[in-house]
Amino acid sequence: MKILTTLQSTRIRITEPSIDDIYYIEQSDDNGRFYITSEKGYNGYEGDGHSSLVQAITHVNKMIKNYFLDRCL
């Protein structure tokens, strides 16, 4: 796994070259919590979000790791 984390102007972009999806972490102006979305339809705004940026990044890394575990790669 080669997880790439890029800081953009209003969000954090997280990718892995083997996965055809891009994850984004954004902070809500309403409640200050961090939410995860992706280009392929993952929508973290339906949940409670994460209280810290570290928790959100850890969650994305876990989702990417599970992608490879599910496929026995």
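**A guided look at a predicted β-β-β-β-α model**

Guide: Welcome! The protein exposes about 5000 Å², and carbon and sulfur atoms supply 47% of it; accessible areas come from the Shrake-Rupley method with a 1.4 Å probe, and for residues only the protein chains shown count as cover. This is a predicted model, in which local features need pLDDT of at least 70 and side-chain atom pairs count only at pLDDT 80 or more, while totals for chains, interfaces and linings use all residues. Residues are numbered from 1 along each chain as its sequence is written, and side-chain values use heavy atoms, with hydrogens and water left out.

Visitor: What makes the pattern of the protein β-β-β-β-α?

Guide: Helices (H or I, at least four residues) and strands (E, at least two) are DSSP runs, numbered from the N terminus. The protein has one helix and four strands, and reading along the sequence gives β-β-β-β-α.

Visitor: How do you know that β1 and β2 pair?

Guide: Two strands pair if DSSP finds at least two bridges between them. Strand β1 (residues 4-7) and β2 have four bridges, in the antiparallel sense, so they meet the rule. Thr5, for example, has Ile14 in β2 as its bridge partner, and a hairpin of three residues joins β1 to β2.

Visitor: And what joins β2 to β3?

Guide: Four bridges, with the two strands running antiparallel. Arg13 has its bridge partner in β3, namely Tyr24.

Visitor: Why is the contact between Asp20 and Lys40 called a salt bridge?

Guide: The term asks for a side-chain nitrogen of Lys or Arg within 4 Å of a carboxyl oxygen of Asp or Glu. For Asp20 and Lys40 the N to O value is 3.3 Å, so the pair qualifies.

Visitor: Are the two partners buried or exposed?

Guide: Buried means under 20% relative accessible area, exposed over 50%, and partly exposed in between (1.4 Å probe, protein chains only). Asp20 has 61% and Lys40 has 57%, so both count as exposed. Asp30, in the loop between β3 and β4, is exposed too, at 76%. Of the 73 residues of the protein, 32% count as buried.

Visitor: What makes a set of residues a nonpolar core?

Guide: Its members are buried Ala, Val, Leu, Ile, Met, Phe, Trp, Tyr and Cys residues joined through side-chain atoms within 4.5 Å. The largest one here has twelve residues, including Ile12, Tyr23, Phe34, Ile36, Val60 and Phe68. β2, β3, β4 and α1 each supply at least two residues of this core, and α1 gives the most, with five. In soluble globular proteins, nonpolar side chains tend to be buried together.

Visitor: Which residues does Ile36 touch?

Guide: With contact meaning heavy atoms within 4.5 Å, and not counting residues up to four places away in sequence, the partners of Ile36 include Tyr24, Tyr42, His50, His59 and Met63.

Visitor: How do you know that the radius of gyration agrees with a compact globule?

Guide: The radius is taken over C-alpha atoms, and the globule rule is 2.2 Å times the number of residues to the power 0.38. For 73 residues a compact globule would be near 11 Å, and the protein has 12 Å, which agrees.
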